[in-house]
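Please look through the structure below with its sequence at hand.

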Amino acid sequence: MIDTTKHQGQRRQLIGQLKVAGIKDQSVLNAIETLPRHWFMETGLEAFAYIDKAYPIAAEQTISQPYTVAFQTELLTLNPGDKVLEIGTGSGYQTAVLLQYDITVYTLERQHELFKKTSLLFNKLKLRPKKVIFGDGYKGYPAAAPYDGIIVTAGAPIVPKPLLEQLSIGGRLVIPVGKKEQIMTRFIRKSEKEFDKQTFGSFRFVPLLENKN
Ligand code: SAH
């Protein structure tokens, strides 16, 4: 896959916009500057890769907006060696941003078409999530729990209990909560039973879909 100096220039511009929009974490800015987003776009839409917007992908889903990817990644406050679960693999772009860190990444998708397509893309790009899982995000992925971070990239009408249960002590769950509009929310697990909850403004995501499998 190609990455031209033109693409790189467009990414630098995008980074400038993300900074103006309030993204401060240098590690996430570096990740977005390094990673070609056009590799994750649908055929025909590549030219829009460095516009700060969400775009359609297969199965009526979307590739998240760069600002949203940056914002959620920042909220995860990643440390080297962390184990992270992503709910909603989609195009694989957010997964690839996470893989720029020295962490272990699990990613889960419920649409079989996207699960297959994006798994192949990861192989092609030599990106190595620990596991790409075909499953239901409401249940999380208990087999590899606990996680230091869980990131949900679809709008959740409710906070699924299993996701809170699968956090380590000190672990962070970053989840957009709401139906039509979502409030970005972060839960930090303080102890077996206690969670800190913080909210960070409103966003619009495609919905986290209930059991289809
Ligand atoms: N992280 C993706 C965002 C894709 S949009 C990206 O950067 O491209 C949200 C994704 O969540 C879609 O792929 C959708 O199929 C998936 N999704 C929706 N409901 C889900 C569920 N219950 N479990 C797992 N994935 C789900």
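Helix 1 and helix 2 run roughly antiparallel to each other (the word applies to angles over 145 degrees). The model is predicted, so local features need pLDDT of at least 70 and side-chain atom pairs count only at pLDDT 80 or more, while totals for chains, interfaces and linings use all residues. Residues are numbered from 1 along each chain as its sequence is written, and side-chain values use heavy atoms, with hydrogens and water left out.

Two packed helices are described by the angle between their axes and the distance between the axes. Here helix 1 (residues 5-20) and helix 2 (residues 26-34) have axes that come within 9 Å and cross at roughly 155°. Axes are lines fitted to C-alpha atoms over the stretch in contact, and angles run from 0 to 180 degrees between N-to-C directions. Helices are DSSP runs of H or I with at least four residues, and strands are runs of E with at least two, numbered from the N terminus.

From helix 1, Arg11, Arg12, Leu14, Ile15, Leu18 and Lys19 meet Leu29, Ile32, Glu33 and Thr34 of helix 2, where contact means heavy atoms within 4.5 Å.

Around the ligand are 27 residues, of which Ser91, Glu109, Arg110, Gly137 and Leu209 come nearest; a residue is near if one of its heavy atoms lies within 4 Å. Oxygen atoms of the ligand are 2.6 Å from a side-chain N or O atom of Ser91 and 2.5 Å from one of Glu109. A polar backbone atom of Gly88 is 2.9 Å from a ligand nitrogen.

Most residues other than glycine have a negative phi, and most peptide bonds are trans. Ala59, not a glycine, has a positive phi of about 55°. The peptide bond from Ala145 to Pro146 is cis, with omega near 5°.

Methods. Parallel < 35°, antiparallel > 145°, perpendicular 65-115°, else oblique. Polar contact = N/O pair within 3.5 Å; in protein donor to acceptor, adjacent residues only side chain to side chain.
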